[in-house]
Amino acid sequence: MARRTKEEAEETRQRILSAAETVFYERGVAHTTLEMIANEAGVTRGAIYWHFKNKLHLFTEMHERVNLPMREMFFQVIRDDDAADSLSALENFCIDTLVNVHNDERLRKVYTVILLKCEKSSSMEALSERTLQTRKELTSALAAYFSRLKERGMIRSPVSGEALALALHSYMIGIFTDYLSAPESYTMPEDAQALMRVFFEPLRRQ
């Protein structure tokens, strides 16, 4: 009985997260209330507060549900930098990320909310701080990765590992934002492969 109750609680939690994806996507974060999400999920506001502290907590958990597996894969790729095809592994990861967003409606919704519909507001200040911290972690790890490859002669570039990390981060954010704004302008996976080739191929030239 207890196990069933736990399963039901988890099912409710996942239903609330899915409802949040839909309402945030349709209305934007600032104009969404917990009551709207509760109505979409078919639960009470009390049920939401049972699982989440507030709208920021709900938003963060919605993001983590899709982002955590992707982040774990990213760090696995850049940790495994001894392989001769390490740069290709990172390139393929970037390609797969773009293609997955194209193919997966949930990913498209969540990243559209994050990049295009997350308006600035006082209630979301903590989210901005968290985003900056995540950005710092990603770019620092990437900078160390590119620096190691440069030291081993596995890539050729006149700029530092830090600059390469910032360049790739900015490049990916720009592509994601533009794709989500006008997905009909892209042909996947061909464009994902071509766009990543533009960034990675010069690093391989001797």
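Predicted model: local features only at pLDDT ≥ 70, side-chain atom pairs only at ≥ 80, totals over all residues.
Phe 74, Phe 75 and Phe 93 make up one aromatic cluster.

Buried means under 20% relative accessible area. Phe 24, at 0% relative accessibility, therefore counts as buried; so does Phe 59, at 2%.

Phe 74 and Phe 93 form a tilted pair. This pair links distant parts of the chain, with Phe 74 in helix α4 and Phe 93 in helix α5, 19 residues apart. Phe 74 counts as buried because its relative accessibility is 9%. Phe 93 is also buried, with a relative accessible area of 12%.

| Pair | Centre to centre | Angle between planes |
|---|---|---|
| Phe 74 and Phe 93 | 5.9 Å | 45 degrees |

Helix α5 covers residues 86-103; at 1.5 Å a residue its 18 residues should span 26 Å, and the end C-alpha atoms are 25 Å apart, which agrees. Buried residues in α5 include Leu 87, Leu 90, Phe 93, Ile 95, Leu 98 and Val 101. Ser 86, Glu 91, Cys 94 and Thr 97 of α5 are buried as well.

A ring also meets a charge: the charged end of Lys 117 sits over the ring of Tyr 25, 4.5 Å from its centre.

An unreviewed UniProt entry annotates residues 10-70 as "domain: HTH tetR-type". In the model this span is 80% helix and 0% strand, and its end C-alpha atoms lie 22 Å apart.

Terms used: Residues numbered from 1 in each chain as written. Heavy atoms only, no water. UniProt positions renumbered as here; feature names shortened; annotations may be inferred. Helix = DSSP H or I, 4+ residues; strand = E, 2+ residues; numbered from the N terminus. Expected span 1.5 Å × (residues − 1). Buried < 20%, exposed > 50% of the residue type's maximum accessible area, 1.4 Å probe, protein only. Phe/Tyr/Trp six-rings, centres within 6.5 Å; stacked < 30°, edge-to-face > 60°. Lys NZ or Arg CZ within 6 Å of the ring centre and 35° of its normal.
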